[in-house]
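Trainee: Please take me through the salt bridges in this model. I would like a close look at the pairs one by one.

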Amino acid sequence: MNIILALIPVSLVLLGVAVAAFFWAVDDAQYDDLDTPALAPLVDDDATRTDEPARR
Amino acid sequence: MPGACFHCGEPLGEGDALFATIGARSHPVCCIGCRAAVEWIDGLGLADYYRLREGTGERAAPADDYAEWDRPRLARRHVRELVADRAETTVLVEGMRCAACAWLIERALVRREGVHEATVSPLVQRVRIVFDPSRVRLPALLATLARLGYRPHPLEGDRIDALRTSERRAALKRLVVAGFGAMQAMMYAVALYAGAFDGIDPAVRAFLRWMGMLVATPVVLYAARPFFAGALREWRARRLSMDTPVALAIGAIYTGSVVATVFGGAEVYFDSVCMFVFLLLLGRYVELRARQRAGEVADALVRLQPATAERCTEGACETIGVHELEPGQVVRVGAGATFPVDGVLRGTRCRVDESLLTGESAACLREVGEEVVAGSVALDGPVEVEVRRVGPATVLSALARMVERAAAARPRIARLADAAAARFVVRVLAATGVVVLAWSAIDPARAFASAVAVLVISCPCAFALAAPSALTRAVGVLARHGVMVVDADALEALAGVDRIVFDKTGTLTEPTIDVAGLRVARGSHEGALALAAALEQASTHPYARALRDAARGLALPAIADVRETGGGVLGRFDGHTLRLGRPDFALVDGDGDALVLADDAGEIARFPIVERVRAGAREAIDALQAAGVACEIVSGDHAERVRRVAAALGVAEWRARATPEAKLAHLASLRTRGDAVAAVGDGVNDAPVLGGADAAITLGEGAALAQAASGIVLAGGDLGGIVDARGVARSMLAVVRRNLRWTLAYNLLAIPLAALGFVPPWLAAIGMSASSLIVVANTFAIGHPRADARSAAPAAAPTPLARAQPA
């Protein structure tokens, strides 16, 4: 049973990481628009990218 | 779509075949503007747009000149400097229809030199652009949007937007913290409950309690902060509502559990407190989203007011920002332009189209010295106006504020449920006090545990969730049916309506041109039709569509300088000025019920305007009458026409020749008689009548403002939406009532048991969560199955059979 004394704190650390990742995602506006990104995979990549590389 | 423009979907003219080329394929387009738009989009490598989009684009207009947006004083209000080479602006983009539009706009902007970032929110039709002001200017960005076929409106300081966004993000974060916390705390709690049955090592028990405290602490201190902040605010204002009792309950349960953990008490309730916070936050989040969506209706009014004006001093005119104007100055407004300010007409009289403000479609004549209001359109011009009121003082701004206030107000049903919940929590707190006192007398050791059990098992979350979740579900279901609910109170009122008063013109009927009845004064039948269709080639007016349809197959002549004004269309052909419009516009005599084509030498042809009953009107009225709702027509039109329409629709009660005052008086007399009345109109002449009804419904084609002022808008003019809306509103109210009854019954059963000490903590936690989940699950009955049966039938021709089918 002593293993839970180690595993539960580990799970809490993972939880903290998950929450931090979620906060980052919300602040990065990833939850502001849930419609447009669904189209992205349907688009062919084009080779003729202009002046700057990927911006985001 | 054969015979339709590849870009905008308008029918093609026969004479002038235009093609746009994408790759190896060429596609037909209707005009040079659309060809330019297609080729430009392809040139940017964005031709995928045509594959991804769900609807056709707007007809591309030649790009306006946006140079005035570069004026420093104007730019300062619309562009925010972030750091040295980064500035930010938010633009409202009119004409954005689907996610593919959003994609196109984003790509087209990001490919521009100097643009760092473009984020599009299709829901609110906005794009936020971060750019380098030293490399690209605002006018160039606006021109980019215009070339795509959209109409950009820079928004003045998007502070409200930023506020809304940060409010939504903060709510989402709190919700997720509470959710994660609830899941973790529940896992430790299950272990503790199992231990309570099977026995548990005291050290492991203490460890699990400490872990529970570890996850519950951020939930209480961070996620539940709005409740504590609200309670503090209420305490300062010396009033009591939902937040105070909730904060007290959270505080008491958490403190009690912490004390039990540290000093070894009987029970801990960390799982319950987390679940409690999560469910309450869920209700608030759902409501916040619904409210923010409604608030965006007010944005429609932003589009009415121009941002620049031409100021005239001593004969010289310069273009400046509207906010720079002061009362007493003189501005010049060209023909067809929108008045930027409220003011007094000088020099010449002018015909003014105030349809967007008053719903009155006919132009009205304003004499010198009379007042004109911002947002209305000058049909003649140029005219000079002496400024009286600017900016927030104008009539238009007052209307916008009114709409915004209405949108920001919480719906009555939500306020009532909240008040009920607050009363309930106060009573629970009082009961808890009694429990503590009683147990102190009997067995002081059990006093605290019993009090906490009462607080946990009593569930204000179910009360708080009942109304917003049902309302959100109802609004969402109706939006899929093309019914926009602007004011949730109207939905509630509609459920109880037993009489509906319809306006006739524009609501039950729509005007159309009787092409077969064309009377030619000069030249041939086909020649007149071709000329008229060519003039109307660019117009979106319903008459124009009817003319274009009638002229299909004819060779359309090329007409120069086509100009659309409020009263009709002008153009030059063969050295003559052609006019197409009502007789007074075409400068000929005759009554108003015709469209006249004329040139300098006089009348060429005349198209009678007739009325036809709107598709689906009969079915909608049949369904309403079958449901026991009395239908009535009140119109300002001649008795004979109203009688004919009433007979065609099977409506027994009708009134003709009613002035707006008479309509309002009739409505008032119906309401004093005890009827709950809904009024349906298109906003033309109806605005006061709509305001006087219990529930106001307008058709989406009506004037923009009447829509904003009415509670429910039927998009696309399908009257069947009334039937849907009534059905959904009734089931919504039924669900809210059922939820409130069920919550009350649950609490009346559970609280006495908890007070007597019969309820172990695990049962309290299950009871609390389950009662909230049942409330949310109940709302899925709304719009499920009966209301959906109708939308399955095609909107144009819903048969009674299709509606009667059980789903």
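Mentor: Start with a definition: buried means under 20% relative accessible area, exposed over 50%, and partly exposed in between (1.4 Å probe, protein chains only). This is a predicted model, where local features need pLDDT of at least 70, side-chain atom pairs count only at pLDDT 80 or more, and totals for chains, interfaces and linings use all residues. Residues are numbered from 1 along each chain as its sequence is written, chains are lettered from A and ligands numbered from 1 in the order in which they are written, and side-chain values use heavy atoms, with hydrogens and water left out.

A salt bridge is a side-chain nitrogen of Lys or Arg within 4 Å of a carboxyl oxygen of Asp or Glu. Over all chains, the structure holds 20 of them.

Take Arg522(B) and Asp599(B): their side chains meet in a salt bridge at 2.8 Å, N to O. Arg522(B) sits in the loop between β20 (519-520) and α17 (525-535) of chain B and Asp599(B) in strand β24 (residues 594-599) of chain B, so the pair ties together parts 77 residues apart in sequence. Strands (E, at least two residues) and helices (H or I, at least four) are DSSP runs, numbered from the N terminus. Arg522(B) is partly exposed, at 35% relative accessibility. Asp599(B) is buried, at 14%.

Next, Glu653(B) bridges to Arg499(B) at 3.2 Å, N to O. Glu653(B) lies in strand β27 (residues 653-655) of chain B and Arg499(B) in strand β18 (residues 499-502) of chain B, so this pair joins parts 154 residues apart in sequence. Glu653(B) is partly exposed at 36%; Arg499(B) is buried at 8%. Both belong to a network of salt bridges that also links Glu632(B), Arg655(B), Arg673(B) and Asp675(B).
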